[in-house]
Amino acid sequence: MMQITKPVSFENVVSMEDLSTEDVLSFIHEAQDFKTGKQIELKRPVYAANLFFESSTRTHTSFEMAERKLGLQVVNFDPSNSSLSKGESMSDTVKTFQAIGVDLVAIRDKKNEYYKDLIADPNVHVGIANGGDGSGQHPSQSLLDMMTIYEEFGHFEGLKVAIVGDLTHSRVARSNMEVLTMLGAHVYFGGPKKWYTEEFAKYGEWMPIDDLVEEMDVMMFLRVQHERIADDENGSFSAEKYHAQYGLTAERESRMPQRSIIMHPAPVNRGVEIADELVECDKSRIFEQMHNGVFVRMAIMTSMLRNRDLIKEEY
């Protein structure tokens, strides 16, 4: 694919469905520029807040690191000590931060498409970056995954990518299957077949893990979300059994093509999705994904700064 140099400008970044192929590549290229030292100068002090109503380590801290690297002032928010406990709505919480001078917010919530009401509200003017909504979208994770694949192979066309694991509860699976298909990759699925529904069948076929490992360029594993599947499994879920049937064991890794890579959005359940000794093996790009996440989130926030004419200079 040709290098895309036109910078992206978005009022909000909430769903991969809003992005074209060119937009995705532009985000990747700008993230790569930040990774190699690009900087921006702001026209005035800019303030950001990270409103995470669901637990998060990587995404939350990665957004904050991205914001600080861009020179933004970060306003702290602790949902457990906020007015949400008094019954305040998310909309009023966002408007409160807007009223005190916050320009951009990154939000995670357990409700699917929480952002639609905020974007439709004419009284909400802050830029919104979606840090994950329920089992819906996770655009910053998807973009950092695309950046990691692009850095490895230099293209997407024709690549074979398997998404393996807890499909039902995964916003990563949904975001990635859509964008990978749009970019020209061939998507496959693995893991318990009961989690492979028609929603996923539209994007690719299901294959047994022992077949996938021998053919794929990218093996992308998903965290088994114990907190979401407890009721579904009636308490009968076995980590050992799951690993033996659907996980990446050392024997399966030995059959992967030499050029292939292992990915996972993390946190990894070591010994469940991936054998402990493989999390940091030569094929693993798991911690590189986390590293790339900072630069992707810098690009996301920069697109909203650019949209609001808050950047004085880029160099």
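Ile107 stands opposite Asn130 in β5. This pair belongs to a predicted model, in which strand β4 (residues 104-109) and β5 pair in the parallel sense over 5 bridges. The points below cover the sheet, the helix packed on it, and the nonpolar cores.

**The sheet**
- The sheet is open and has 4 strands, in the order β3-β2-β4-β5, with parallel pairing.
- β3 (73-75) and β5 (127-133) are the edge strands; each has a single partner strand, so one side of each has no neighbour in the sheet.
- On average, neighbouring strands of this sheet are turned by 20° against each other, with direction ignored.

**The helix on the sheet**
- Helix α12 (residues 286-307) packs on the sheet and touches β4 and β5.
- The direction of α12 makes about 150° with that of β5.

**The largest nonpolar core**
- In soluble globular proteins, nonpolar side chains tend to be buried together.
- The largest nonpolar core here holds 66 residues, and Ile149 and Leu305 touch the most other members.
- Helix α12 supplies the largest share of this core, 9 residues.
- The core lies between domain 1 (12-138 + 291-312) and domain 2 (139-285), because both domains give residues to it.
- Apart from neighbours within four places in sequence, Leu305 is in contact with Ile40, Leu42, Val46, Leu70, Leu72, Leu104, Leu310 and Ile311.

**A second core**
- A separate core of 19 residues has Met207, Ile209, Ile262 and Val279 among its members.

Terms used:
Residues are numbered from 1 along each chain as its sequence is written. This is a predicted model: local features need pLDDT of at least 70, side-chain atom pairs count only at pLDDT 80 or more; totals for chains, interfaces and linings use all residues. Side-chain values use heavy atoms; hydrogens and water are left out. Two strands pair if DSSP finds at least two bridges between them. Helices (H or I, at least four residues) and strands (E, at least two) are DSSP runs, numbered from the N terminus. Axes are lines fitted to C-alpha atoms, for helices over the stretch in contact, and angles run from 0 to 180 degrees between N-to-C directions. Contact means heavy atoms within 4.5 Å. A nonpolar core is a set of buried Ala, Val, Leu, Ile, Met, Phe, Trp, Tyr and Cys residues joined through side-chain atoms within 4.5 Å. Buried means under 20% relative accessible area, exposed over 50%, partly exposed in between (1.4 Å probe, protein chains only). Domain bounds come from an automatic or database domain assignment.
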